[in-house]
Amino acid sequence: MIKTYNIRIYPNLKQQKLINMTFGATRFVYNETLWLKKELWDEYRLSYTPNLKSFKEEWPFLKEVSSQAICNAYNDCLTAFKNFFKSFNGEYKSTSKYPKFKKKGKCKETYRIACTYDKKRNNRPDIKILNKNHIIIPKLGIVKFTNYKKLDWNVVHIINITIKKSKTNKFYCSICCEVPEETHLKPKYYATAFDLGIKDFAIFDDGTVIENPKFFIKSHKKLAKMQRKLSKCKYGSNGYKKQKLKVAKLYEHIKNQRKDFQHKVSSRIVNENQVIISEDLNVKGMLKNHKLAKSIQDASFGTFCNMIKYKSEQKHRIYLKIDRFFPSSKLCHHCGYRYTGLKLEERFWTCPECGIYLDRDENAAINILNEGLKRLDSTVEYTGSGSIEPKPIDTGYNSNLESEQF
């Protein structure tokens, strides 16, 4: 099974200088390749592929950094230009845009290198994990990193590695590797469904509610105060850089809070259920509502659903999304009556057909569950040992739980 582990590394000053030099070299190669292709396309509508070897002859400083990092930046630019041509299928449109140039401080600081094997040294890899706290990276040598308890380093087959730098000047390393498949526990329940919301983060079919922590909104006043102070600093001064770093650290703290919360909730849902059903939300369309856009971005529905998706694939669970146009909130789960006049501010409503009093979100979760079970293929069955009770789960978020490391 191929997995990617994101760990923090602690390079020394000499290694940091080389990493920053590699960031600049890859950015330079990408921009130079894009400029040459763009110039010929604008004037003559011709596709041109520059020679990478000529870059090293013309600019010798490119030889000081990893050749694989430069080659990958070059290939990324060619791929971006190919995607540009595919965007209009041979017919030029005014909406078709060129790949953008990478500007220092505005783009992501990252480069990627593949793990190669030296045949003269018994297929010895150039990227190797020495022990639980040290890794060998080409050009950098031995680099210290934070111990990752969930990975058995003795059985890792590394495919490639990506070096990244955050806006808070922290260095990270994404290791794409092949690991043996894990043994998974038998799920506790068969199926569950949830409806995502803003007031409450998730409402399950049994009525269980996970409150929305609203990390960004809680830190909004502090963030606004720090940004006001930043706006009064002279651009480019030391005070400006220090204040900008403080703002970046607060943003990172909010991001880590949200990520930790979503990992805990998604892991619990996937571990305890064989079938997980949710609604396919149109997040981009929802963000057009400027009154709710900030709250929707703070909830990060797309990231949460992606977590459930990849964790379900790893643990052999079934994750199903219901069509976004399915009227889950307007249907009575008891008799099937459709209340077409339901408004957004109505959180409760009484079915005129059967007289049942319905909670809008809980009713939607039940309808999502019923519709999802109907759409499941009849051949899909749970084949694990033992019986599974078709009961809902208690997925209440407990902030005192031991934090999972991701």
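**Exercise 1.** State which strands helix α6 (residues 238-272) lies across, and at what angle to β13 the helix runs.

*Solution.* Helix α6 lies across β10 (189-196), β11 (200-204), β12 and β13, where contact means heavy atoms within 4.5 Å. Helices (H or I, at least four residues) and strands (E, at least two) are DSSP runs, numbered from the N terminus. The helix runs at about 125° to β13; axes are lines fitted to C-alpha atoms, for helices over the stretch in contact, and angles run from 0 to 180 degrees between N-to-C directions.

This is a predicted model, in which local features need pLDDT of at least 70 and side-chain atom pairs count only at pLDDT 80 or more, while totals for chains, interfaces and linings use all residues. Residues are numbered from 1 along each chain as its sequence is written, and side-chain values use heavy atoms, with hydrogens and water left out.

**Exercise 2.** Find the order of the five strands in the open sheet with mixed pairing, and name its edge strands.

*Solution.* The order is β12-β11-β10-β13-β14, and two strands pair if DSSP finds at least two bridges between them. The edge strands, β12 (209-211) and β14 (318-322), each pair on one side only. Five bridges join β13 (residues 273-279) to β14 in a parallel run, and among the residues concerned, Ile 277 has Leu 320 of β14 as its bridge partner.

**Exercise 3.** Name the strands that helix α10 (residues 360-375) lies across, and give its angle to β10.

*Solution.* Helix α10 lies across β10, β11, β13 and β14, and its direction is at about 130° to β10.
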